[in-house]
Amino acid sequence: MNEQTPGTCAGCGVAIQTEDPKRPGYAPASALARETVICQRCFRIKHYNEVAPVSMEDDDFLRILHGIGATDSLVVMVVDIFDFQGSWLRGLPRFVGKNPILLVGNKVDLLPKNINLNRVRNWMQHEAKERGLRPADVILVSAQKGVNIDELLARIGELRRGRDVYIVGVTNVGKSTLINRILHDYGSADLEITTSPFPGTTLDKIEIPLEDGRSIYDTPGIINRDQIGHMVSPQDLRRITPTARINPKVYQLNDRQTLFLGGLARIDFVRGQHQPFVVYVANNMYIHRTKLENADEVMAKHHGELLAPPTGAEAAQALPPFVKHTFKIPPAGATDIVISGLGWVSLRGKHEAHVVVHAPKGVSVGMRKGLI
């Protein structure tokens, strides 16, 4: 694999410029003498875990993706298994034209140990079909841990048939981590794409040449506005983003009880027989149980403090107002209630349950057949 394209940041792909520190791609003139040039923003993300806002709009990201449809290539769509609904790239067929799609479920290492991965794979195929997409194949990987990367590369080799490869997905699904894993294990270990949990890390498509004259392209992550991660601070985003295998937490609830997931969501068990609520969120997420009759008072008194994240009164006030989502869970097998970007709560379906979920306005909350 060759070196980066001259004049672009090796970390995020944006054109390097030395004039305006507030615009994307800024690097001091002294940085241009380095063999591998990265912009100041990527430098700060990589070395200080700081993020600087950029002026690219959603239309800029969409413009880059629209160009894929005019190519003859293999499209690899990466989704976050832990947040499948929130990381789904809506309207993908519109972007890619007739190009085949390989669906990759990343972060398989976060799923609990007792999960059947064949079932997860079949579930992903079903969910893709429900959304109007028929992928050529589905592969489960962990870019962070290097799980199934060999299988993924072999399948890419079979499906691309000498064509370019475009890797697409929404923000924070691990696309750049996946490409860094491929580069480290099979290619140029000294070329590293900037990765972070912050939205919009990759600002323009990054070209990685292959031995046959074709290329792998890492594209910018589209921002799904209905993910809760876009409504919290970078510090709180780190707290709600799982980094280790999820340990489910089981709460035996009577009706008229409430669970708070930090201060970002509230789950009211309004009516039904005593039953378990199994919570799948980041392991360090604080969960508070109280009586439904006390829930409003607890929220008003402790939001941003006991009920955190969001961390602090200002962060709590900055959240959009909470809205209600009402669900009737049938007694017919496991059902998950999914809060986009935060996790899900599973009910076993042995008894009917009436549940109300409160979440910030704009956050997608939905019901699905139980994943586990």
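How many helices and how many strands are there in the protein chain? The chain has 10 helices and 16 strands, and the legends below describe close-up views of a predicted model of it.

**View 1. The protein chain as a whole.** Of the 372 residues in this chain, 54% count as buried.

**View 2. The largest nonpolar core and the surroundings of Met 77.** The largest nonpolar core has 59 residues, and those with the most contacts inside it are Val 76, Met 77, Leu 89, Leu 92, Leu 102 and Met 124. Strand β1, which covers residues 73-80, contributes six residues to this core, the largest share. When residues up to four places away in sequence are not counted, Met 77 touches Trp 88, Leu 89, Leu 92, Ile 101, Leu 102, Leu 103, Val 104, Leu 133 and Val 168. Another core lies apart from the largest one and has 32 residues, among them Met 231, Leu 253, Met 285 and Ile 337.

**View 3. A charged residue over the ring of Trp 88.** Trp 88, which is one of the residues that Met 77 touches, also has a charged neighbour, with Arg 131 lying over the face of Trp 88 at 5.6 Å from the ring centre.

**View 4. The stacked pair of Tyr 166 and Tyr 217.** The structure holds six aromatic pairs, and one of them is formed by Tyr 166 and Tyr 217, whose ring centres are 4.7 Å apart and whose planes meet at 15°, so that the pair is stacked. This pair links distant parts of the chain, since Tyr 166 belongs to strand β4 (residues 164-168) and Tyr 217 to strand β6 (residues 215-218), 51 residues apart. Tyr 166 is buried, with a relative accessible area of 8%, and Tyr 217 likewise counts as buried, at 12% relative accessibility.

**View 5. The stacked pair of Tyr 280 and Trp 344.** The ring centres of Tyr 280 and Trp 344 lie 4.9 Å apart with the planes at 15°, so this pair is stacked. Tyr 280 is in strand β10 (residues 275-280) and Trp 344 is in strand β14 (residues 343-347), so the pair ties together parts of the chain that are 64 residues apart in sequence. Tyr 280 is buried, with a relative accessible area of 5%, and Trp 344 counts as buried at 2% relative accessibility. Together with Phe 82, these two residues form one aromatic cluster. The ring of Trp 344 also has the charged end of Arg 368 sitting over it, 4.7 Å from the ring centre.

**View 6. The open sheet of five strands.** Which strands make up this open sheet, and in what order? The order is β7-β10-β14-β13-β16, with antiparallel pairing. The edge strands, each of which pairs on one side only, are β7 (249-253) and β16 (365-369). From one strand to the next, the twist averages 25°.

**View 7. The pairing of strands β13 and β16.** Strand β13, which spans residues 335-339, pairs with β16 in the antiparallel sense over five bridges. Within this view, Val 338 stands opposite Gly 366 in β16.

Notes:
Residues numbered from 1 in each chain as written. Predicted model: local features only at pLDDT ≥ 70, side-chain atom pairs only at ≥ 80, totals over all residues. Heavy atoms only, no water. Core = buried A, V, L, I, M, F, W, Y, C linked by side-chain atoms within 4.5 Å. Buried < 20%, exposed > 50% of the residue type's maximum accessible area, 1.4 Å probe, protein only. Helix = DSSP H or I, 4+ residues; strand = E, 2+ residues; numbered from the N terminus. Contact = heavy atoms within 4.5 Å. Phe/Tyr/Trp six-rings, centres within 6.5 Å; stacked < 30°, edge-to-face > 60°. Lys NZ or Arg CZ within 6 Å of the ring centre and 35° of its normal. Pairing = 2+ DSSP bridges. Axes fitted to C-alpha atoms, helices over the stretch in contact; angles between N-to-C directions.
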